[in-house]
Structures are given as structure tokens and as C-alpha cells.
Amino acid sequence: MRALVIDDSRTMRRIIVGVLRSMGFDTVEAGDGREALDVLETGIPVDLACIDWNMPVMNGLEFVLAVRENRAWRGVTLMMVTTESEHNQIVRALAAGAHEYVIKPFTPDAIRDKLQLLGLVELEESA
Amino acid sequence: MSTAIDLSLFTGTDPIFTIADEVFSAMIDGEPGLLTEWVGDVPVIADAMHAWVDVDGVAPGRVLLSTERDTALQITRALLAMEPDEQVGDADFVDALGEVANVVGGNVKALVPDPGALTLPQVTHERPPTSPENLLHELALAWRGRLLVISLWSLA
Amino acid sequence: MTLAAENFSFVADLVRRRSAIQLEAGKEYLVESRLLPLARTAGTVDVDAYIRSLRSVASPAALEAVVEALTTNETSWFRDAQPFATLTDHVVPELLGARGAAGPLRIWSAACSTGQEPYSIAMTLADLVPGGRLRILGTDLNQQVLARARTGRYSQLEVNRGLPVSMLVKHFTRAGVDWEVAAPLRSAISFAQHNLLDVPPAGGPFDVVFLRNVLIYFDLATKRDVLRRVQRVVRPGGYLLLGAAETTIGIDDDWERVTVGRGSVYRLNARRAA
């Protein structure tokens, strides 16, 4: 499984990459939506995109819209990971085509829970 | 961020404290309890680092984090789960601190009606210019006993 | 402070035997932080010393406290997922079909803690069961968690845990730094303090009982006692949902195990008079 981690903060990318790698994902990074589209355009298969909202050049919402417009990328699960936490912002992201949404700050368990919901990670006994 | 961030609505815990507590317990400490309200006089911060984000829009505002450089380094180490002997690069340091300000600021933004957009975080040694009359709220915190101040400013 | 390997193993074995929960390597920090309050109360200098003292002599209550400290956690929503799917795919359609228009569907969430389970049940059934036709009772021994459950308010960190975002936007509104369960959902749920070893709660007879990850704390005789009491307030043909590692087999013959998907539910034999 490969995940594309998209955030203009290298700190946040590093944290998310760490969590995903511990769950067995290969990871690729991008610093904005445009770079992320470039990654997808190379044709490497991506199962999951973790997407920040506020980024320069192309933000996360624009990225989601672009991905959903392209049938070739139908298999990419789109999960926002962002500080945007107003109710209407979340609705906007879902309307644009995001599949899931993690609000920052998050714990590694929160990411795991969401990936279990999405069927990307095996269910394990809750502890 | 309008002055309509009516903190009197929040009976009980200061919401800014709750936000900071969640950021630190979820991402920096891995457990709650290491961030508390500062007790006693708040000393002047020597060798300070400042990290902030602005919320633009109808009533613009700023969320500012201020702390000692060494504390900021420890926060970076904890946030990035660094080994004790790992060096903290300047770029890592600036980015990490900025991201903490970004996450705190983003959550503060959600408390106000009709917020605008969040700017990219800035991190500097000098305090950004502020006027006392523009101070909306100030919270002095102790993280592992070290001083961290979060302040909210009107930019109108 | 790093935990000695044999002390960690002792605790991990204890927890696994009592709760089926696995503490693998890497969870030493969890054992340290969760047992520190117990170690302090016992007057030992650190968690290592505390565990060592338990290994030489420990009352059942002390061991129980250790298990409790390591198995209570921030409750997540839709815990283990399967039971909620079972509710919509199997249990509720069957119950609604069998009883037609007769009264509301009554569901009891026992040991509901801070309320994530009853609210999850309500969210799961929101589209399937018309409003006003659903009554959910959440009970717990602990008044503090019940008070929290009644507020229906959860922190940002709590709503990040296992709650599908579609459910979040549909059933919650922002309340300051928190999220609050919206009124329509809350109207279907009531909360009451209740001890499982006591007279069953009012609000029955119930069509479905959630008794998940509670029996594991009890010995066999007590499990039997609890199940007998629960049975008294379940309709014939009503359902019992237990935790993933739990069963009524060998404890109480009046329940029939029904395999659904990857799990099981337990149906009260219709022959048995209520």
C-alpha cells in the first residue's frame, strides 16, 4: 500500500509518514497540491492521500477536486488531515469528494481508526 | 478574528488552554498532564522565539506563541520524536514551531464566527510588533515547568 | 525509567488472560503511565517496584485494578465496527419485521461509560428506524462518566476516534472547542446509573442488549448471575451483543449463538418465557 502525504509543513509530513510507515505503508511526499498531482501523473499507484488544506500554489480542496475529476485516480482514497474544523468546512471537503477527515491535532490511533474505517488497515482488537 | 471571540461564553476551562492541551497531549507529549497554567508571576522571556499565524478577514487577528529558544528546541525534539543525540536543524526547528502555531491558531480560528483564512506561520527571534491595546487574551502556560505564552491580538 | 522485561511480561500475561487484550512490545510506556497512580498509592518507588511487589504477593483486587487500569481507554465510536453493521444488516430488520407496528424498539447499552456506544447505536439506526420508534438506555455504575454521557459533548480528540466523518457532520454541531451530539439524536437516548449485579433497570423489556467487554471482568459465577438478570428484561427472540472475545457458551444455555459476518450475536430462545 502506498500513501501520498501532502502538507506544506515538513514537520507534519514527517509525523504522518512515521505513523503510516508503522502501519506498513510505503510513502511519497508532496509540499502542495500541484506537486501532489505531479506525483499522481507519473502513474505510480497511490492508495491513500493524506491532504492538508492550507497550502501555497494549490490547496487541499483544489487537489481533491482535481483528483475526483480524473477517472484514472478513482482508486485513491482521499483523507483530509487539517486544522480546518468548522462544520461547514468539513461539509465543503466532503462535497468536493474527500472520503475522510482528520482534524489536527491527532494521535496515531486516530489515523489508525480512520484507516480501519476505510478498510485500508486490518481491524485489530481494540486495546 | 473579531473581538467577538467572547471568552465569557466558555464557563470553566479557558478554551485556549483546552486547545493547547490537546495539541501538546496528542502530538508532543503523547499523554495529558504536562501542560498546566503558569502559577505566579510571569517572568520576561530571555532569548525568546516567537511563532504566529494571522487570521485575515473582516476582523483580523493574530495567534502568537512565545517561549524561550531552549524550550522551543525541546518542543521540536518531542514533536519530531527525535533521538537524544539527534541534531535539530534550523529549518526543522522553524518548521516545527511554525506548525505548532499553525495547529493552535487553526483551532482558535474555529472559535470565532465568520473567520477568514489562516496565513502561513512565521517564526522569529524578535517579537512581532504589537500594541498593548490590541491584546485580546493572554495565557501563560508551563510545559514541563517551562514558560510558554499564548496571546491573541486584534489586527484591526 | 524503562520497565523490566519480566515485569512487562507479567502484566501483559495478566491482561491477556483477563481481557483477551494483547499488550505487545512497544506498549511499555502505556503500562508505566497507567500503573503509575497505582504504584504511588501503594507507596512503591516506581512502577517496576510495584509490579515486583504484585508478583510476590497480590490480592485479587490489586490484580483487578491493574487489569482495569490497562483496559479502560478513551472509548472510541463504533468500537470493533462489526456489531453496528450486524445491527443494521441483520438484527434490526428482523426485529422490525417480526413486530410490525408494536411500540418502539428498545435497546440497552450496559456499561456505556462516557456514552460513545449508545450514541453510536443511535447514529447507526438513525436512517433505519423512524424517529420516535427508538428508545436507547445507557447505563453505567459510575456517575461521573454518566454525567459526561448526558452532556453529549466530546472533545476534538474524542471525535477523531473511529467516528466516520459523514456521521460527524450529520449528527454533531460545534460547541466552542467541543462537538455536541445534535438534539434529534439525543432525544432517543436516556441515561441511568445501574449496577449489573442489581435489579435490572427500568425501560425494558429490551429488544437488544449491548453488554460488551464487561463480562470479562467477572468470574464464572458472576457472569452467570449477570446474564440471568439481563435475561429477565430481554424479549424472547431478543438479541445480546457481547465483545469480540466473549461468548455465552458454557455460561448460559438460554441463548442461541447466531453467526453474523465475522462475529456472533446471541438470541434469547423464544421458548424461554420472559
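Start by colouring chain C by domain: domain 1 covers 5–70 and domain 2 covers 81–273, with bounds that come from an automatic or database domain assignment. The C-alpha centres of these two domains of chain C sit 30 Å apart.

Some housekeeping before moving on: residues are numbered from 1 along each chain as its sequence is written, while chains are lettered from A and ligands numbered from 1 in the order in which they are written. This is a predicted model, so local features need pLDDT of at least 70 and side-chain atom pairs count only at pLDDT 80 or more, while totals for chains, interfaces and linings use all residues, and side-chain values use heavy atoms, with hydrogens and water left out.

**Stop 1: a helix in chain C**

Select 47–56 of chain C, which is helix α3. Helices here are DSSP runs (H or I, at least four residues), strands are too (E, at least two), and both are numbered from the N terminus. Which residues of α3 are buried? They are C:Val47, C:Asp48, C:Ala49, C:Tyr50, C:Ile51 and C:Leu54; buried means under 20% relative accessible area, exposed means over 50%, and partly exposed is in between (1.4 Å probe, protein chains only). Now look at the start of α3(C): a side-chain oxygen of C:Asp46 comes to within 3.1 Å of the backbone nitrogen of C:Asp48.

**Stop 2: salt bridges inside chain C**

Side chains of opposite charge can pair when their charged atoms come close. The cut-off used for a salt bridge is a side-chain nitrogen of Lys or Arg within 4 Å of a carboxyl oxygen of Asp or Glu. Over all chains, the search of the whole structure turns up 26 of them.

Pick C:Asp207 and C:Arg235, whose side chains meet in a salt bridge at 3.1 Å, N to O. C:Asp207 is in strand β7 (residues 206–211) and C:Arg235 is in strand β8 (residues 234–242) of chain C, so the pair ties together parts 28 residues apart in sequence. C:Asp207 is buried at 2% relative accessibility, whereas C:Arg235 is partly exposed at 30%.

Next, select C:Glu94 and C:Arg267, another salt bridge, with the closest N and O atoms 3.4 Å apart. This pair links distant parts of the chain, 173 residues apart: C:Glu94 is in helix α5 (residues 82–99) and C:Arg267 is in strand β10 (residues 263–268) of chain C. C:Glu94 is partly exposed at 29% relative accessible area, and C:Arg267 is partly exposed at 23%.

**Stop 3: where chain C meets chain A**

Show chains C and A together. Contact (heavy atoms within 4.5 Å) takes in 23 residues from chain C and 26 residues from chain A. The area buried between the two is about 2,100 Å², with carbon and sulfur atoms giving 56%; buried area is the accessible area (1.4 Å probe) that two parts lose on being put together, summed over both. On the chain C side, C:Asn160, C:Val165 and C:Val169 lose the most area to chain A, together 28% of what that side buries.

How many salt bridges are there between chain C and chain A? The count is 1: zoom in on A:Asp113 and C:Arg161, where the closest N and O atoms are 2.6 Å apart. In chain C, α8 (156–159), α9 (165–171) and β4 (172–175) each supply at least two residues of the side that touches chain A, and α9(C) gives the largest share, 4 residues.

**Stop 4: where chain A meets chain B**

The salt-bridge count between chain A and chain B is 5. Select A:Glu84 and B:Lys109 to see a salt bridge at 3.0 Å, N to O. Then select B:Glu86 and A:Arg14, which form a salt bridge with the closest N and O atoms 3.4 Å apart. This pair crosses between chains, from the loop between α2 (69–79) and α3 (90–109) of chain B to helix α1 (residues 10–22) of chain A.

Key:
A polar contact is a pair of N or O atoms within 3.5 Å; within protein, one must be able to donate a hydrogen and the other to accept it, and residues adjacent in sequence count only if both atoms are side-chain atoms.
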